[in-house]
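Please consult the sequence and the model while reading.

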Amino acid sequence: GQVHMQREEWSEAADFLRKALDKGDLDDKQGSAQVLLGIALYNSGELVAARASFERARGWDKNRAEADRWIEHISKELGQA
């Protein structure tokens, strides 16, 4: 997923990240994977799905601040701030 993100292949990145999250066993990396998925979805124009991913990322302390910034940004774009 990260390789696709570096290449700005957002849909492919989202697909791989979803598969990794569905597979599980990411331990403490799950929050980071949710952030990356949110970024990929955002760049694919899927703002509502991106916000949902960032909401899930809030469940991990180390990802909460970044997720909150993205949620605020998306809410403003959607006119919900």
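**A polar contact and an aromatic cluster**

In this predicted model, the side chains of Asn63 and Ser32 make a polar contact at 3.4 Å.

Q: In which helix is Asn63 found?
A: Asn63 has a side-chain polar contact with Ser32. The helix in which Asn63 is found spans residues 61–77. That helix is α5.

Q: Is Asn63 buried or exposed?
A: A residue counts as buried under 20% relative accessible area. Asn63 has a relative accessibility of 5%, so this residue counts as buried.

Q: How many aromatic pairs does a search of the whole structure find, and which residue pairs with Tyr42?
A: The search of the whole structure finds two aromatic pairs. In one of them, Tyr42 takes part in an edge-to-face arrangement, with 5.0 Å centre to centre and 65 degrees between the planes. This pair links helix α3 (residues 30–43), which holds Tyr42, with helix α5, across 28 residues. The partner of Tyr42, in helix α5, is Trp70.

Q: Why is the pair of Phe54 and Trp70 stacked?
A: Planes under 30 degrees apart count as stacked. The ring centres of Phe54 and Trp70 are 5.2 Å apart. The pair is stacked because the planes lie at 10 degrees.

Q: Which residues form one aromatic cluster?
A: Phe54 and Trp70 are both buried. Tyr42 is buried too, at a relative accessible area of 18%. The one aromatic cluster is formed by Tyr42, Phe54 and Trp70.

Terms used
Residues numbered from 1 in each chain as written. Predicted model: local features only at pLDDT ≥ 70, side-chain atom pairs only at ≥ 80, totals over all residues. Heavy atoms only, no water. Helix = DSSP H or I, 4+ residues; strand = E, 2+ residues; numbered from the N terminus. Buried < 20%, exposed > 50% of the residue type's maximum accessible area, 1.4 Å probe, protein only. Polar contact = N/O pair within 3.5 Å; in protein donor to acceptor, adjacent residues only side chain to side chain. Phe/Tyr/Trp six-rings, centres within 6.5 Å; stacked < 30°, edge-to-face > 60°.
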